[in-house]
Amino acid sequence: MEKYIFGGRDSGKTRRLLEIAKQRQAAVICKNPYAMQNKAMRYGIVGLTFYSYDQIKNALSYNMKIRNNEIVVDEDSDFLSYLLVASVSGYTQTEE
């Protein structure tokens, strides 16, 4: 199941993402895991695992597995830019 959450600032995107992570038992990939964990706690969402971009890049380098093999990503274009060391100017997504 894939969910794409779009919206402006303060539209509830992060809260919805964290709720999906909780429901799916997915790891949360974000720039600042400590800030995201604090935000989740303020929403009353506990029991999540958070990884920074650096931690995930290292995990990918060593073929490490993520629990349940499921992730959610906060700000996917920032994450892609970080992994690719290049600015992501656009992307496509096929929905079926």
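These questions and answers walk through a predicted model.

Residues are numbered from 1 along each chain as its sequence is written. Local features need pLDDT of at least 70, side-chain atom pairs count only at pLDDT 80 or more, totals for chains, interfaces and linings use all residues, and side-chain values use heavy atoms, without hydrogens and water.

Visitor: Is the pair of tyrosine 53 and phenylalanine 79 stacked, edge-to-face or tilted, and why?
Guide: Rings of Phe, Tyr and Trp (its six-membered ring) pair if their centres lie within 6.5 Å. Planes under 30 degrees apart count as stacked, over 60 as edge-to-face and the rest as tilted. The centres here are 5.1 Å apart and the planes stand at 50°, so the pair is tilted.

Visitor: Which helices does the pair link?
Guide: Tyrosine 53 and phenylalanine 79 sit 26 residues apart, in distant parts of the chain. Helices are DSSP runs (H or I, at least four residues), numbered from the N terminus. The two helices are H3 (residues 53-61) and H4 (residues 76-84).

Visitor: Is alanine 21 buried or exposed?
Guide: Alanine 21 belongs to helix H1 (residues 13-24). Buried means under 20% relative accessible area, exposed over 50%, partly exposed in between (1.4 Å probe, protein chains only). At 0%, alanine 21 is buried.

Visitor: Which side chain of opposite charge is nearest to aspartate 74?
Guide: Lys and Arg count as positive, Asp and Glu as negative; His and the chain ends are not counted. A salt bridge needs a side-chain nitrogen of Lys or Arg within 4 Å of a carboxyl oxygen of Asp or Glu. Aspartate 74 is buried and has none. The nearest opposite charge, 6.8 Å away, is on lysine 39.
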